[in-house]
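Here's a friendly walk through one protein model. Take a look at it first, then read on.

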Amino acid sequence: MHTCPRPNVKGNVTRLALWVSLAVLPVQAADIDLNALLKGIEQRYNKAKTLQVQFNETYSVQGRARKSETGSLTLRKPGRMRWDYTTPAGKLFLSDGRDVYLYTPDAHRVEKMKLKESEDMRAPLAFLLGKLDFAKEFRDFEVKQDGANFLVTAKGKTEKLPYDKIAMLVTPDYQIQRLVINGQDESVLTFRFDQEKVNPQVSDSQFKFQMPAGATLVAGEVSQ
């Protein structure tokens with residue numbers, strides 16, 4: 001479950017914000033209604049209480065790419081998320097609704113930051129927290145057919161935001177399968193989502209961070 005510059009909370013908490021499905025009529029591929037598509041995405045995710053999904057995450061800046069990372073994401077409203085990484089094994093990004101934590105096993109280090117301090121980076125992944133509002137966060141929308149799916153692109157509402165534009169691949173039933181976030185620093189953060197489960201049973205205990213024995217705690221900034 002974590003926001004797009006790589007070395008700080010913006011990269012992790014950019015991912016702060018997704019989900020629910022409440023039987024909305026699918027968009028017809030022959031005649032794309034952008035407003036109906038955006039509304040369908042908002043309704044699907046903003047009404048979800050919990051969500052689980054597999055993710056693949058890639059990051060590059062100015063053409064330099066890092067290794068892709070994979071794992072599972074578990075969400076529970078309001079504001080709670082848990083990103084359990086399988087690659088790299090043991091890495092954890094967690095939000096308990098007030099603070100965000102990043103544990104990096106190789107460095108045996110825990111970084112902590114207030115969730116509210118990442119507010120400017122939450123828009124691209126606002127669906128993760130059920131706070132998706134396209135009209136409020138984005139402008140200059142475009143949509144085109146991509147096979148059976150739809151590719152929606154948009155720019156950030158203002159040029160003062162850390163990200164410049166986003167592109168999301170959406171299915172006819174409004175499920176987000178891919179999200180690409182372009183940063184002002186020429187970074188590109190890409191998430192691919194699979195095996196989505198809406199409103200599964202999720203325990204609160206999953207979002208209580210436990211400090212690993214011997215790990216170093218650093219407050220005020222979260223790197224990715």
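What follows is a short tour of some strands, the nonpolar cores and the salt bridges.

## Ground rules

This is a predicted model, so to speak of local features a pLDDT of at least 70 is needed, side-chain atom pairs count only at pLDDT 80 or more, and totals for chains, interfaces and linings use all residues. Residues are numbered from 1 along each chain as its sequence is written, and side-chain values use heavy atoms, with hydrogens and water left out.

Let's start with the strands (DSSP runs of E, at least two residues, numbered from the N terminus). Strands count as paired if DSSP finds at least two bridges between them. β4 (80–87) and β5 (92–96) pair in the antiparallel sense, over 5 bridges.

How much of β5 is buried? The strand is mostly covered, with 4 of its 5 residues buried (under 20% relative accessible area; exposed is over 50%, and partly exposed lies in between, using a 1.4 Å probe and protein chains only).

## A proline in the loop

Pro88 sits in the loop between β4 and β5. With a relative accessible area of 33%, Pro88 is partly exposed. Pro88 and Gly71 are 17 residues apart in sequence, and their C-alpha atoms are 8.7 Å apart in space.

## The nonpolar cores

A nonpolar core is a set of buried Ala, Val, Leu, Ile, Met, Phe, Trp, Tyr and Cys residues joined through side-chain atoms within 4.5 Å. The largest one here has 40 residues, and those with the most contacts inside it are Ile41, Leu73, Trp83, Phe127, Met168 and Phe193. Strand β1 (residues 50–61) gives the most to this core, with 5 residues. There's also a second, separate core of 7 residues, which includes Leu94, Tyr101, Val110 and Phe209.

## Salt bridges

Side chains of opposite charge can pair when their charged atoms come close. A salt bridge here is a side-chain nitrogen of Lys or Arg within 4 Å of a carboxyl oxygen of Asp or Glu, and by this rule the count comes to 12. Glu57, Arg66, Glu69 and Lys91 are linked in a network of salt bridges.

Another salt bridge joins Asp204 and Arg76, with the closest N and O atoms 2.9 Å apart. Asp204 lies in the loop between β12 (187–198) and β13 (216–219) and Arg76 in strand β3, so this pair ties together parts that are 128 residues apart in sequence. Asp204 is partly exposed at 37% relative accessibility, and Arg76 is partly exposed too, at 26%.
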